[in-house]
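Open the structure in your viewer and keep the sequence beside it. The stops below say what to select next and what is there.

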Amino acid sequence: MITGSQCRAARALVEITRGKLTIHSGIDEAVIHDFERKLDEPDDRTIAALQVALEELGAVFIEENGGGIGVRRKFTESEAKRIARLEGEGGIVANDRVP
């Protein structure tokens, strides 16, 4: 399950308002506000609906992995193609640390 902070961060990453998240998730805007501000903890089904809606909009949630929980944005199709092209270019393999 995601946290309120992850919900707020995901909205910022996918550039969506609470009102638009309400439309996508079917969850009342006041519930989203209270969840993000840690004023109330909705039930698991409500949190799952928010998570699914945000994932469909491009958010990727990162579970606790020793470095903490988080959220990032999915690569767009064009970004993924550019990355694949760059990775396939070859060239000299070298240390990438900057002195």
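The model is a predicted one. Of the 99 residues in the chain, 27% are buried.

Switch to a cartoon view. There are 5 helices and 2 strands, and along the sequence they follow the pattern α-α-α-α-β-β-α. Among contacts between residues at least 6 apart in sequence, 49% join residues at least 24 apart.

Next, colour by confidence. The average pLDDT of the chain is 87, and 87% of the residues score at least 70. Where is confidence lowest, and where is it highest? Helix α5 (residues 77-87) has the lowest confidence, with a mean of 75, while α3 has the highest, at 98. Where pLDDT is low, the predicted coordinates should not be read in detail.

**The nonpolar core**

Select I2, C7, L21, L50, L54, A59 and F61. In the largest nonpolar core, which has 16 residues, these touch the most other members. At least two residues of this core come from each of α1, α3, α4 and β1 (59-62). Helix α4 gives the largest share, 4 residues.

Stay with F61 and show what surrounds this residue. Apart from neighbours within four places in sequence, F61 is in contact with I2, Q6, A10, Q51, L54, E55, G70 and V71.

**Helix α2**

Now select residues 18-25, which form helix α2; the buried residues here are R18, L21 and S25. Look down the axis of α2: these buried residues fall within an arc of 55 degrees, so they line one face of the helix. An α-helix has 3.6 residues a turn, so residues three or four places apart point the same way. The cover over the buried residues of α2 includes α1, α3 (29-36) and α4 (44-56). Step just past the end of α2 to G26, which takes a positive phi of about 80 degrees.

**Two arginines and a glutamate**

Select R11, R18 and E36 and show their side chains. How are R11, R18 and E36 linked? They are joined in a network of salt bridges. A search of the whole structure finds 2 salt bridges.

Take R11 to begin with. R11 is found in helix α1 (residues 4-14) and counts as buried because its relative accessibility is 12%, under the 20% cut-off. Leaving out neighbours within four places in sequence, R11 has contacts with I16, T17, R18, L21, E36 and L54. R11 forms a salt bridge with E36, with 2.7 Å between the closest N and O atoms. Since R11 lies in helix α1 and E36 in helix α3, the pair ties together parts that are 25 residues apart in sequence.

Move to R18 in helix α2. R18 also forms a salt bridge with E36, and the closest N and O atoms here are 2.9 Å apart. R18 lies in helix α2 and E36 in helix α3, so this pair ties together parts that are 18 residues apart in sequence. R18 is buried, at 18% relative accessibility. Beyond neighbours within four places in sequence, R18 is in contact with R11, E29, I32, H33, E36 and R37.

End the tour on E36. Is E36 buried or exposed? E36 is buried, with a relative accessible area of 1%.

Conventions
Residues numbered from 1 in each chain as written. Heavy atoms only, no water. Buried < 20%, exposed > 50% of the residue type's maximum accessible area, 1.4 Å probe, protein only. Contact = heavy atoms within 4.5 Å. Arc of directions from axis to C-beta. pLDDT = per-residue confidence, 0-100. Core = buried A, V, L, I, M, F, W, Y, C linked by side-chain atoms within 4.5 Å. Salt bridge = Lys/Arg side-chain N within 4 Å of Asp/Glu carboxyl O.
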